Amino acid sequence: MGKVLMKGNEVIAEAAVHAGCKYFFGYPITPQSELVAYMARRLPEVGGLFLQAESEIAAINMVYGAASTGVRVMTSSSSPGFSLKQEGISYLVGSELPAVICNIVRGGPGLGNIQPAQSDYFQVTKGGGHGDYNIPVLAPASLQEIVELTQDAFDIADRYRTPVILMGDGMLGQMMEPVEFSERSDTEQCKKEWATTGTRGDGGPKIITSLELDAESLELRNRNLQQKFARIKENEVRYETYHIDDAEYIMVAFGTTARITMNAINKARQDGVKVGLIRPISLWPFPEKPFIETREHVKAYVSVEMSAGQMIEDVRLAVSGHAPVDFYGRTGGVVPTQEEIYDKIITVSGGVTI
Amino acid sequence: MTMKTVFKKTTGLTDKPTHYCPGCTHGVIHRLVGEVLEEMDILEDTVGVASVGCSVLSYEYFNCDMTQAAHGRAPAVATGVKRVLPNRFVFTYQGDGDLASIGISEVIHAAARGENITVIFVNNTIYGMTGGQMAPTTLIGQKTATTPFGRDISIQGLPIKVCEMMATLDGAAYIERVSTHDVPHIQKTKKAIRKAFETQKKGLGFSMVEILSTCPTNWGLDPAESLEWVKDNMVPVYPLGVYKNKEGGK
């Protein structure tokens, strides 16, 4: 299969189909509606099922039901709709059910607007719903990367019996780029003996639940969950670095913002500023290693976000006081320009804009 | 002397002792559902969905695969299960707080879509698990923890008649209201449950049985008085009968 020109939202959908996802339960919300519409047309072609739910709440609970039968299943939404799914996501974690949930983030809080934003960072990386938990969050920066990470998301979900969040901003969902889909030969769906599909032939009832009334038992269950999260932290960290070997200043950005920041870095490098980029691809687990490796000699880090400053908290934790951490962000759906970020680099590095 | 077994526990239930209060009819209703699953020989092909409330632990008692749903969301979870496994029998077991209040949207839309599932809806006019608060089904004048002076229609409005409402939906194939207040009515309840699962077996669409039930603990009545209370106070407000039968006939 050669390269095809597609919209980000459609790439997510097609990549999910390539990953063996045949079930999608969704609800319309801008700016991810193309994803839902694509699935409605595409899934019947592969013998799957698309169902438009009456609400985001119903959609995530349909996902819960489908996931409990052991199939690969997905839903997607955008910020306000994603908030509504949080209860169901907490249940997926508690019941250890694999599923992929896509959040194409828009401006908030409240109804906000439909412009690109990254202001759901806290919500997706710090649990979001009730209870002690974290969920793997993957944040692609290009449409080709969406293809890879969507497939990774389903693999991680199955491997650890956990929901996985694919987080993009409205710009990534709406932009068009050429992409190439490849069948992943190593995509091997785990055997799911726990799935509730009826007891015929397996000897006894199976139960999927997140309820544990006895305190000691729930604590034990939570300890097991924490051990699982530790394994995910050990094995599923993803990031990219750009020009950090000699960098005196390191920008930190993910998704669309990372691409713009990269252009600003190229311009600053031409002006002689030794600046680089750390691009977290897994927002949780957050990549600490590139910070630990650089924080002794870097003069300052700058977190660049389409939010009022959320990832910066994880950057500070990773830097642990070894260097100053600065911030540049735009909110409300305003996308920072290359010039703005360039100006920030120049200011931080103590230089003067030419 | 040869001994003849005249009554035995259904294989539709596990051996776990239930946690229900004395005089609560959940135990009876569990047994009826279990018997129907056993008699239809579909126990191994059934996935049940437990809800939130007193019956949350029903997943410990039904002897089939069970999935526990968030409060009110059982019909959405059941939809997810059934759409993946159209050849399995899928049922939800929900109380009136779960179904008629927080989950009213999910049950209405499941019926509207004609989801081929069975809803066992147990109505005792009150939230039992949380300590006896008003439900949408609480009767006018009924005292609960949150209507200490009785349900006042000028403040809390009027009870929801779920069967009557659900019967208006074209996707609903079988809707019946039954009661557990005496033995003849318990027999009728079992027939209604059987009819609902037969409806699902034939692929006719959404089926629901509303079962009038007791809550001696939160009503402040003894078990015998509770059964009388169902007959005298609930049945007049929630008339028994078949509200929808797509197949026709009785």
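In which loop of chain A is Pro31(A) found? I located Pro31(A) in the loop between E2 and H2 of chain A. Helices here are DSSP runs of H or I with at least four residues, strands are DSSP runs of E with at least two, and both are numbered from the N terminus.

**Basis of the entries**

I worked from a predicted model, in which local features need pLDDT of at least 70, side-chain atom pairs count only at pLDDT 80 or more, and totals for chains, interfaces and linings use all residues. Residues are numbered from 1 along each chain as its sequence is written, and chains are lettered from A and ligands numbered from 1 in the order in which they are written.

**Entry: cis peptide bonds and positive phi**

I recalled that most residues other than glycine have a negative phi, and that most peptide bonds are trans. I then noted that the bond from Thr30(A) to Pro31(A) is cis, with omega near 5 degrees. A cis peptide bond also joins Trp284(A) and Pro285(A), with omega about 0 degrees. Pro285(A) sits in the loop between strand E13 (282–284) and helix H10 (289–294) of chain A.

I looked up Glu96(A) and found phi near 55 degrees, a positive value in a residue other than glycine. Glu96(A) belongs to the loop between H4 and strand E5 (99–105) of chain A. For burial I used C-beta atoms placed from the backbone: a residue is buried if 20 or more other C-beta atoms lie within 10 Å of its own, exposed if 12 or fewer, and partly exposed in between. Glu96(A) has 18 C-beta neighbours inside 10 Å and therefore counts as partly exposed.

I placed Arg161(A) in the loop between H6 and strand E7 (163–169) of chain A. With 17 other C-beta atoms within 10 Å, Arg161(A) is partly exposed.

I checked helix H6 (residues 143–160) of chain A, whose 18 residues reach 26 Å from first C-alpha to last, close to the 26 Å expected at 1.5 Å a residue. The expected span is 1.5 Å times one less than the number of residues in the helix. H6(A) is mostly covered, with 14 of its 18 residues buried.

Helix H3 (residues 56–67) of chain A has 12 residues that should span 16 Å, and its end C-alpha atoms are 16 Å apart, which agrees. I found 12 of the 12 residues of H3(A) buried, among them Glu56(A), Asn61(A) and Tyr64(A).

Two packed helices are described by the angle between their axes and the distance between the axes. The axes are lines fitted to C-alpha atoms, for helices over the stretch in contact, and angles run from 0 to 180 degrees between N-to-C directions.

I found the axes of helix H1 (residues 8–18) and helix H2 (residues 33–42) of chain A within 7 Å, crossing at roughly 40 degrees. H1(A) and H2(A) are therefore oblique to each other; angles under 35 degrees count as roughly parallel, over 145 as roughly antiparallel, 65 to 115 as roughly perpendicular and the rest as oblique. Residues that meet include Ile12(A) and Ala13(A) in H1(A) and Leu35(A) and Tyr38(A) in H2(A).

I also looked up helix H9 (residues 255–270) and helix H12 (residues 338–348) of chain A, which pack at an angle of about 55 degrees with their axes 8 Å apart. This angle makes H9(A) oblique to H12(A). Among the residues making the contact are Ile260(A) and Ala264(A) of H9(A) and Ile341(A) and Tyr342(A) of H12(A). Two residues are in contact if their C-beta atoms, placed from the backbone, lie within 7 Å.

**Entry: where the chains meet**

How many residues does each chain give to the contact? I noted 32 residues from chain A and 28 residues from chain B. Strand E2 (23–26), strand E3 (49–52), H3, helix H4 (79–94) and strand E9 (207–208) of chain A each supply at least two residues of the side of chain A that touches chain B. The largest share of that side, eight residues, comes from H3(A).

I recorded 12 helices and 15 strands in chain A, and 10 helices and nine strands in chain B. Of the 354 residues of chain A, 54% count as buried; of the 250 residues of chain B, 56% do.
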